[in-house]
Amino acid sequence: MSTLETNNIGKYSGNNVSIDDPLKLKTYTTTERDALSSPAAGDTVYNSTTGTIDFYNGSAWNATSDNTFQFAVEYLVIAGGGSGGYSYGSNVSRGSAGGGAGGYRTNYASETSGGGGSNESDFTATGGTNYSVTIGAGGAAKSSGGVGNAGTNSVFDTIISTGGGYGGMSNQDGGDGGSGGGAGYDSSATNGTANQGYAGGYGWTSGSNFGGGGGGGAGGAGTNAASNNPGDGGVGVQSSITGVATYRGGGGAGAQSGFTNYTHNGSGGNGGGGSPTTSGTVNTGGGGGGGKSSASGAGGSGVVILRYPDTKTISNPGGGLTISSETSAGGYKYVEITAGTGNVSWS
């Protein structure tokens, strides 16, 4: 049976309990705590081994340190963009399509995810717990004839954004992805991933004039090629998670390619989409532009941006990630993770 020891007990007028001196809990080492006979749910002690207040929940002892308590993390997770396709030939223009943007997911404020998706669910983290992060690479540029290369996924714990689809060429389709790659002439449009990005545009042909479709963007579909005009890349989505409104996730532009009549170009989507032969912007997930008289553009790499209370400090246990310095504003901090694979943790 527990014993309450006190020097004085006085009447207090308020509807609560007042203690003039610090409250001292019974002190045990971890070994002594674990040796207690038949603890009951709610029993609370001071653990001198770990310097924490520990409570028994009916089956195990738990430490109520700062790391015990959960907190909200807001995120923007963008995958790598796909590269454009590259078509070439003698005395004829052939369509080269733009690459699709990487998948775009966020739960920040009331902002929307890609593909017209709604703001995602809250993410609750616990201090001292490792959460996996991977930054998706952009698809490699195409330096010889063929369809482009898809981007790779970006990951924050259970949040996975899908790599952008590759751009098509000539009469070959592009690839599905976070946002779909554009299609070559006489080919079908591609698909974006639900709540991450939009579809790529169709190619076009008439006589010897061929145009590639634009790659899909996080905020809009790639446009179809028409007449002598290749398709434009779809627009990205704007986010203020870093405090500055910035577009990311634009689709790559379509192009005409070959040795004649290849003066027409599409435009890369606002948000890092590449123009013809130009790569998507790094850390935006932008799609690469279609090839023209030279190689296609590579897809832009992805990014993971995390925002959390400024009472917390992030770390990268074991290394492997490229993380910016913490920036504080309005009671929060944020970091941009721009490369690598590893874990993050907070204290």
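Biologist: What is the strand order in the open sheet of 4 strands?
Modeller: This is a predicted model. In it, the open sheet runs β1-β2-β3-β4, and the pairing is mixed.

Biologist: Which strands stand at the edges?
Modeller: β1 (27–28) and β4 (61–63). Each has a single partner strand, so one side of each is left without a neighbour in the sheet.

Biologist: And β2 with β3, parallel or antiparallel?
Modeller: Antiparallel, with 4 bridges joining β2 to β3. Within that pairing, V45 stands opposite D54 in β3.

Biologist: Stay with D54. Which residue does D54 form a salt bridge with?
Modeller: R33. The closest N and O atoms are 2.7 Å apart.

Biologist: Where do the two partners lie?
Modeller: D54 is in strand β3 (residues 52–56) and R33 is in helix α1. They are 21 residues apart in sequence, so the pair ties those parts together.

Biologist: Are D54 and R33 buried or exposed?
Modeller: Both D54 and R33 are buried.

Biologist: Which residues are linked with them in a network of salt bridges?
Modeller: D34 joins R33 and D54 in that network.

Biologist: How many salt bridges in the whole structure?
Modeller: The search finds 5. One of them is between E74 and R307, with the closest N and O atoms 2.5 Å apart.

Biologist: How many residues apart are E74 and R307?
Modeller: 233 residues. E74 sits in strand β5 (residues 70–78) and R307 in strand β17, so here I'd call it a link between distant parts of the chain. Both E74 and R307 are buried.

Biologist: Which ring does R307 lie over?
Modeller: R307 lies over the face of Y332, at 3.9 Å from the ring centre.

Biologist: What about E326, which side chain does that one meet in a salt bridge?
Modeller: K333, at 3.4 Å from N to O. E326 is partly exposed, with a relative accessible area of 29%. K333 is buried, at 11%.

Biologist: Back near the start of the chain. Where is D43 found?
Modeller: In the loop between α1 and β2. D43 is partly exposed, with a relative accessible area of 33%.

Biologist: What does D43 touch, leaving out residues up to four places away in sequence?
Modeller: D54, F55, Y56 and W61. The C-alpha atoms of D43 and F55 are separated by 5.6 Å, and the two residues are 12 apart along the chain.

Biologist: Which backbone nitrogen does the D43 side chain reach?
Modeller: That of A40, at 2.9 Å.

Biologist: Where is S38 found?
Modeller: In the loop between α1 (30–34) and β2 (44–47). S38 is exposed, with a relative accessible area of 67%.

Biologist: And T277, what is its phi?
Modeller: Positive too, about 65°, and T277 is not a glycine either. T277 lies in the loop between β16 (255–257) and β17 (303–309). At 31% relative accessibility, T277 counts as partly exposed.

Biologist: Now aromatics. How many aromatic pairs does the count come to?
Modeller: 8 aromatic pairs. One of them is F123 with Y131, which is edge-to-face. Their centres are 5.7 Å apart, with 70° between the planes.

Biologist: Are F123 and Y131 buried or exposed?
Modeller: F123 is buried, and Y131 is buried as well.

Biologist: How is the pair of Y131 and F156 arranged?
Modeller: Tilted, at 6.4 Å centre to centre and 50° between the planes. Y131 is in strand β9 (residues 131–134) and F156 in strand β10 (residues 154–156). They are 25 residues apart, and the pair links distant parts of the chain. F156 is buried, like Y131.

Biologist: Which residues form the aromatic cluster?
Modeller: F71, Y75, F123, Y131, F156, Y308 and W346 form one cluster.

Note on methods: Residues numbered from 1 in each chain as written. Predicted model: local features only at pLDDT ≥ 70, side-chain atom pairs only at ≥ 80, totals over all residues. Heavy atoms only, no water. Phe/Tyr/Trp six-rings, centres within 6.5 Å; stacked < 30°, edge-to-face > 60°. Buried < 20%, exposed > 50% of the residue type's maximum accessible area, 1.4 Å probe, protein only. Helix = DSSP H or I, 4+ residues; strand = E, 2+ residues; numbered from the N terminus. Lys NZ or Arg CZ within 6 Å of the ring centre and 35° of its normal. Salt bridge = Lys/Arg side-chain N within 4 Å of Asp/Glu carboxyl O. Contact = heavy atoms within 4.5 Å. Polar contact = N/O pair within 3.5 Å; in protein donor to acceptor, adjacent residues only side chain to side chain. Pairing = 2+ DSSP bridges.
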